[in-house]
Amino acid sequence: MMKKIRELDYTQLKNSCKPEDFAFSTTAELTPFRGIIGQERAVNAFEFGLAVKMKGYNIYMSGPSGTGKTTYALESTKKQAATEPVPEDWCYVYNFENPMKPTAISFEAGIGKVFRDDMEEFVEAVSKELPKAFLSDDFENQKLAVLHSIEERQDEIFEKMSVLADEYDFMLKSIETGFCFLPIVNGEAVENESYDALSEEDKILVEKRNQSLQEKISPFMREMNELQKDCDKQVEEVMQSFGISVIGHYIEELTEKYKDNERAVSYLNAVQKDVLENLDQFVEREQAEDDALSSFMAMFGKKQEEDITKRYSVNLMVDHSQTEGAPVMVTFNPTYGNLMGELEYDNEFGSLTTDFMKIKSGLFHQANGGYLIVQAHDIMSVPHAWEALRGVIKTKEINIDSIREMQGGTAAPVLKPEPIPIQFKVIMIGSDYFYEMLSEYDEEFDKFFKIRADFDYEMPRTKENITKITRFIKAFVEKEKALEFDVSAISEIIEYSSRAVSNQFKLSTRLNYLAEILVESFTWAKLENATIVTASHVRKAIYEKEQRMRLYEEKLDEMLDEEVIMIDTDGAKIGQINGLAVLDMGSYAFGTPSRITATTYVGESGIVNIEKEAHMSGQTHDKGVQIITGFLGQTYAQQFPMSLSCRVCFEQNYNGIDGDSASSTELYCIISSLSEMPIRQDLAVTGSVNQKGEIQAIGGVTQKIEGFFKLCKKRGLTGKQGVIIPLSNVKELVLNDEVIEAVKNEEFHIYPIAHIDEGIELLMNCPAGEKDAKGNFPKDSVHGKVYAKLKTFAEASKE
């Protein structure tokens, strides 16, 4: 006895959204909604992640594109950041003890800029006043007084040395570099030029007298050296005194102004010390500025002396003078230099040079004390980006390393700036793929990103969510200054949203794709000079969007029409069935029928998947074939071994196949071949089967039905054609109006089944058969005929 056939009513094929369901006429009556829709779990996780300020509580936002992750992250983070304090400014200054390691100094927000300007004013002032002070009459008088005092003492010593020289027949003579002793021979002083003309006896006598003189003169020479040192010291003291008088009050004012900043005060003291140690350079610099030779050398690329005042410049790395709240930085180009900052170089006469003023800040510096939003794809695509981000999160400091040094590039002087401590929260936005990859390959990833905000691609089709979408449409209208949408247009958009996720009771959260339909609907309405967007414009937008991507589908349709690809839509055949497949083109997917055939004969090879043998089968499809073997053994081979050789093939398949959605289809085909019962060709089948014969859900059911319906309609609907689908897929049906109308008129049929036996009876118009108490099937049933055939195979194999 055949089981009762279940068939879907046309009302079950789509969850219609009707204009009368809404309490308004157009979006003009609505208030806009700006925010995230249907992502409560992700929103709660994200807000909690923002609230936690402990180490490691960075946020990874995962989920499909188009769900508004980036927009939401930016808006919510800015809202939170506005309630938080403005972080510190950061500067780099010259390190007087180790110039290759610039010193980092932090200031309260806005004070860094003030400090930089103060130092510029200081340099400008002392550069003008120091040279003036050293060229003043007062300085010259004090300097001359020191020199005169020393000269008087030197004259006294010189006189004593002169008397002593006379005693040894030498004459003391002043020269440019000091003085020298000339020997007196025969009453005349002998110059260097005449010395060689003396006789050997005279030379020996002169040498002896000279040695004696040097022994006596040594104390005077030491006294002269001490006087010179004393002179230099006194002149230096005079210069220091004048230098202090010029810069002292500037340094005192600055020290008092920044007294609460120990590092700034320490730096100012170091500046004063360095200025006083290099006072002569300020005088020389003033003279060089007036020197024509300086301009001449610059004209011909000649290297000039270093400007000492550059040491006292301040490199303001981070300036928050105009910042309100904590900073929020977003990047789509996270190169190593953009993240960490970099050292710039000048090429001077073939050599690369740099200094602390050429240190450039990066996004880490700008985001310090706030938030950094990055894309996982960008971080993983750019060399050294993940390493840079990982290192900063782990060490909590920004340590600028030259990319040249990391890559072993051109030899150049490398600064080692003092690391800057960092406290910020990273928000990484990406797909599940990157999250899983980072978790797998970086054992510390879960320590760095302890919060995962997982965005869903769908949401319940509730009244609340529908209302939010209508207000989202209103927000689009206001933002883009578009035409208003009436309720018929909104109804179409709601139905399109359900179709996008293939579920009657769900809506898509990928609002970016929904916005594309809004843009294109508005454009079509505008081209028609309409005053409002209606359902016809939305349908036009959807149709034209699909048409732009249907080239490959149309080529397949042509081959079906011309029977290049062979598919029967009427009659019945043994070992042949119409399967259904979905071809996914990325942003567009469509269904198409495919002929599956099976041959069976005596043997021991079991079920052979021809696609697998040709290396055109995926792992999931191979698994489905093994499940079929399990079902056949469980159902028929309890009393004898199954001696079967079977070949299953997707005919005219040249691109490979994967998935188990055709496993029930292949099983029907094998059963038909064994039972020699023909299969109806006006039906197409999709559905996965398990070893117990239960039909399981598959994907793309809507596209598969529409694909077979389109072919049947072209060839002429007979009223008998239809599709067999899993019962568990009914809620995923969101069929187009053309299919629904045909089902309503009983021109096309959709049969949901839960077990393989239901499909057997539909396809073969014969009872499937149930085992009796002895484990035997009725002889006239399909299972009975398969059992008999396999028993015959077993006996033949034994012989």
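# Reading cavities, a pocket, cores and a helix

Author: Lining the largest cavity are Glu553, Asp557, Leu560, Asp561, Phe590, Gly591, Thr592, Pro593, Gly707, Lys710, Leu711 and Lys714. This is a predicted model, in which local features need pLDDT of at least 70 and side-chain atom pairs count only at pLDDT 80 or more, while totals for chains, interfaces and linings use all residues. Residues are numbered from 1 along each chain as its sequence is written, and side-chain values use heavy atoms, without hydrogens or water.

Reader: How many cavities of 30 Å³ or more are there?

Author: On a 1 Å grid over the protein atoms alone, a cavity is a set of points where a 1.4 Å probe fits but cannot get out; a pocket is an open set with protein on both sides within 12 Å along at least five of seven lines, and lining residues have an atom within 4 Å of a point. Points are joined across faces, edges and corners, and a volume is the space filled by probe spheres set on them. The count here is 2 cavities of 30 Å³ or more. The largest has a volume of about 90 Å³, and helix H21 (551-561), E22 and H25 each give two or more residues to its lining; helices (H or I, at least four residues) and strands (E, at least two) are DSSP runs, numbered from the N terminus. The second largest cavity holds about 70 Å³, and Lys3, Lys4, Ile5, Arg6, Ile753, Glu758, Glu761 and Leu762 line it. H27 contributes 3 residues, the largest share of that lining.

Reader: What volume does the largest pocket have, and which element gives the largest share of its lining?

Author: The largest pocket has a volume of about 1800 Å³. Of its 46 lining residues, Arg499, Glu546, Tyr588, Ala589 and Gln703 are the closest to its centre. H25 gives the largest share of the lining, 7 residues. By class, the lining has 17 nonpolar, 11 polar and 18 charged residues; Ala, Val, Leu, Ile, Met, Phe, Trp, Tyr, Cys and Pro count as nonpolar, Asp, Glu, Lys and Arg as charged, and the others, including Gly, as polar.

Reader: Which residues have the most contacts inside the largest nonpolar core?

Author: In soluble globular proteins, nonpolar side chains tend to be buried together. A nonpolar core is a set of buried Ala, Val, Leu, Ile, Met, Phe, Trp, Tyr and Cys residues joined through side-chain atoms within 4.5 Å; buried means under 20% relative accessible area, exposed over 50%, and partly exposed in between (1.4 Å probe, protein chains only). The largest core has 45 residues, and Leu632, Tyr668, Ile670, Ile671 and Leu763 have the most contacts inside it. A second, separate core of 42 residues includes Ala104, Leu339, Leu372 and Tyr435.

Reader: Is helix H18 largely enclosed or largely open, and what covers its buried residues?

Author: H18 is largely enclosed by the rest of the structure, because 11 of its 14 residues are buried. The cover of these buried residues includes helix H17 (463-480), strand E19 (506-508), H19 and H20, where contact means heavy atoms within 4.5 Å.

Reader: Where do histidine 384 and asparagine 765 lie?

Author: Most residues other than glycine have a negative phi. Histidine 384, in the loop between helix H12 (376-381) and helix H13 (385-395), has a positive phi of about 70°. Its relative accessible area is 28%, so histidine 384 is partly exposed. Asparagine 765 lies in the loop between H27 and H28, with a positive phi near 50°. At 53% relative accessibility, asparagine 765 is exposed.
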